Amino acid sequence: MIRTAFAAALIGSTILLAACNQAPEAPAATETAASSIVLTDTWSRETAEGQNAGGAFMTIANTGTAADRLTGGSTPVAGRVEIHTMTMENDVMRMRQLEDGLEIPASGEVTLKPGSFHVMLMDLKQPLKAGDTVPLTLTFAGAGTVETALEVRDAGTMAPEMKHGEKDLPHAWPLPRA
Ligand SMILES: [Cu+2]
């Protein structure tokens with residue numbers, strides 16, 4: 001009797017194993033998603049003394065087959081991290097928090113850059129200095145947390161597309177220097 005039960009249990013686990021082996025392409029969802037987000041060119045711009053927020057920029061690629069969503073993050077240098085977009089309203093560039101996060105399409109990428117989508121480091125605890133490296137953890141709806149580091153660049157660093165729209169500049173960010 002006991003033998004039979006043991007044998008049945010053995011068979012049961014064998015079947016379970018077989019079932020697992022048959023589905024190698026369906027590991028835990030978080031595992032799949034975590035490896036599908038790739039961050040490149042992660043950087044931030046140096047801030048002036050007293051400037052309480054700074055932008056972080058990067059390219060976020062999603063190599064997965066499902067869309068993902070950047071929802072927030074954290075860093076030791078700021079009180080909180082928000083996801084912002086920038087829009088033109090009556091000739092003035094305005095930042096707005098994306099309450100629902102930023103979608104990263106499947107097999108696609110989104111570039112966060114000055115004048116466009118960006119990660120906002122709010123309530124800075126210290127100025128960001130050129131040459132520093134700032135740790136940043138980003139949170140994705142599907143991929144979970146992804147660790148990265150921001151290279152802090154000179155305040156004069158501008159994406160080329162910001163240079164020809166002079167009127168945008170004063171409104172784009174808190175002025176870097178008095
Ligand atoms: Cu912002």
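Guide: Residues are numbered from 1 along each chain as its sequence is written. In this predicted model, local features need pLDDT of at least 70 and side-chain atom pairs count only at pLDDT 80 or more, while totals for chains, interfaces and linings use all residues, and side-chain values use heavy atoms, with hydrogens and water left out.

Visitor: What makes His84, Met95, His118 and Met120 donors of the copper ion?

Guide: A donor is an N, O or S atom within 2.8 Å of the metal (3.2 Å for Na, K and Ca), and water is not among the atoms, so sites may look incomplete. His84 (ND1), Met95 (SD), His118 (NE2) and Met120 (SD) lie 2.1 to 2.3 Å from the copper ion and therefore count as its protein donors.

Visitor: Why is the arrangement called tetrahedral?

Guide: Four donors count as tetrahedral if all angles lie between 85 and 135 degrees, and the 4 donor atoms here subtend angles of 100 to 116 degrees, so the arrangement is tetrahedral.

Visitor: Which parts of the chain does the pair His84 and Met120 tie together?

Guide: His84 lies in strand S4 (residues 78–89) and Met120 in strand S8 (residues 118–124), so the pair ties together parts that are 36 residues apart in sequence. Strands are DSSP runs of E, at least two residues long, numbered from the N terminus.

Visitor: How do you know that S4 and S8 pair?

Guide: Two strands pair if DSSP finds at least two bridges between them; S4 and S8 have 6 bridges, in the antiparallel sense, and therefore pair. S4 also pairs with strand S5 (residues 92–97) in the antiparallel sense over 6 bridges, where Met86 has Met95 as its bridge partner.

Note on methods:
Tetrahedral: all angles 85-135°; square planar, octahedral: opposite > 155°, others 65-115°. Helix = DSSP H or I, 4+ residues; strand = E, 2+ residues; numbered from the N terminus.
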